[in-house]
There are 2 protein chains.
Amino acid sequence: MGTETQPSEQPWADIAPDAARRLVTAAVEAFAERGYHATTTRDIAGRAGMSPAALYIHYKTKEELLYKISSVGHRLSLRILQEAAASDGSPAERLATAVRSFVSWHAERHTTARVVQYELGALGEEHYAEIVGLRREVDTVMRSIIQDGVDAGDFDVPDVPGTTLAALSLCIDVARWFNPEGRRGPEDVGELYADLVLRMVGGAGKP
Amino acid sequence: MGTETQPSEQPWADIAPDAARRLVTAAVEAFAERGYHATTTRDIAGRAGMSPAALYIHYKTKEELLYKISSVGHRLSLRILQEAAASDGSPAERLATAVRSFVSWHAERHTTARVVQYELGALGEEHYAEIVGLRREVDTVMRSIIQDGVDAGDFDVPDVPGTTLAALSLCIDVARWFNPEGRRGPEDVGELYADLVLRMVGGAGKP
């Protein structure tokens, strides 16, 4: 699992300078705890140990912070799925890899994933359009793996777009219910869900 | 579908008097739009066309309103599942009925369902414990239908609690992505998902 889960470990690692990264981390926590609308830039600056004026150097508005979180989060999910889609193996193996990685991401980064999924409506119009574009790409990658399995005669799927939607929804909702202190870890849920999605596409036991 | 979807049509119908019902409706809208923490009792009273003092006659705190919404919402979901579990037919038929009804509820009442699912953490300790108890009952009902299918030799399920969790999660997440203007209506999603959950339990084509 080493390389699969790596992208999820440090979602903010590429954000520079250090102060901008600290602000993003503080914003994720604040949005997750109280919701986007109840959080002020002053709250975020305070959590990051900075003044509101220092925050303003890096992000002009609270919406810019939400956009940054949403953009990095969606790009990471997309990359995780693209890597699975491009991996070696049968469609069933690639689908299982995609589900395992996508579930692990949503379990390990459940706080970020919740913010990214539940606060979409607070994005400005242009930013929203960009994120919707990334979500379409996520859908396209998952759909292409399922379609490959249908074309190869390995899967039996009456409704490819609907099954794609359901498979992604199942993985995303892990962020809602996942409890790091629960008895199932991210990899356990990934294994369970890979099997369930293979059953959904009628491809269980056909690796 | 008439009788199946009936309980979902008017979730607040039993709340009396009229003013208390209007306050609950206003609170659901406000919480869904801005989040629980960003909403004030003044906002809610204003939306209901009432004064803050008039609100206070019916609900002493904002948390009491959230609890009312959560309690009514969870009791309705539970009743919908219990009716499906108690219906006539094979385990596969009862599971399909349960998924169709539960999905319809989450699609039709997606605004309420989002508030109920995403604001659990804002409930007071006692109220939270009561809602967790209702959620356990929901889980028990779904699990019992799946277990009946396993016991009858109709389903093949290596992990009954995990598959129960996944089936409920799939239905609940409909509230997040469902768009009343989209091309799939509540009943279309219900049909699709009934088929997918039957596939998950290895019971497709065994009515």
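Is B:H74 buried or exposed? In this predicted model, B:H74 is buried, because its relative accessible area is 4%, and the limit for a buried residue is under 20%. This histidine is placed in helix α5 of chain B, which runs over residues 62–85. Leaving aside residues up to four places away in sequence, B:H74 touches B:V116, B:L120, B:I131, B:L134 and B:R135.

With a relative accessibility of 35%, A:Q82 counts as partly exposed. Residues up to four places away in sequence again being set aside, A:Q82 touches A:E137 and A:V141.

In chain A, a network of salt bridges links A:D18, A:R21 and A:R22. Over all chains, a search of the whole structure finds 26 salt bridges.

The discussion now turns to the place where the chains meet. Chain B and chain A each bring 30 residues to the contact. About 2600 Å² of area is buried between them, and carbon and sulfur atoms give 56% of this area. On the side of chain B, the residues that lose the most area to chain A are B:H37, B:R176 and B:R199, which together account for 24% of what that side buries.

Across this interface there are 4 salt bridges and 12 residue pairs in polar contact. In chain B, the helices α2, α7, α9, α10 and α11 each supply at least two residues of the side that touches chain A. The largest share, 8 residues, comes from α9 of chain B. By kind, the residues of this side divide into 14 nonpolar, 6 polar and 10 charged.

Which residue of chain A forms a salt bridge with B:R199? The partner is A:D156, and the closest N and O atoms are 3.5 Å apart. This pair crosses between chains, from helix α11 of chain B to the loop between α8 and α9 of chain A. B:R199 is buried, at a relative accessible area of 11%, whereas A:D156 is partly exposed, at 48%. A salt bridge also joins the side chains of A:R199 and B:D156, at 3.5 Å from N to O.

Finally, the UniProt record, an unreviewed entry, lists residues 17–77 of chain A as "domain: HTH tetR-type". Over these residues the chain is 77% helix and 0% strand, with its end C-alpha atoms 23 Å apart. The UniProt annotation "DNA-binding region", also from an unreviewed entry, covers residues 40–59 of chain A. That stretch is 70% helix and 0% strand, and its end C-alpha atoms are 13 Å apart.

Notes: Residues numbered from 1 in each chain as written. Chains lettered and ligands numbered in written order. Predicted model: local features only at pLDDT ≥ 70, side-chain atom pairs only at ≥ 80, totals over all residues. Heavy atoms only, no water. Contact = heavy atoms within 4.5 Å. Buried area = accessible area lost by both parts, 1.4 Å probe. Polar contact = N/O pair within 3.5 Å; in protein donor to acceptor, adjacent residues only side chain to side chain. Helix = DSSP H or I, 4+ residues; strand = E, 2+ residues; numbered from the N terminus. Nonpolar A, V, L, I, M, F, W, Y, C, P; charged D, E, K, R; others polar. UniProt positions renumbered as here; feature names shortened; annotations may be inferred. Buried < 20%, exposed > 50% of the residue type's maximum accessible area, 1.4 Å probe, protein only.
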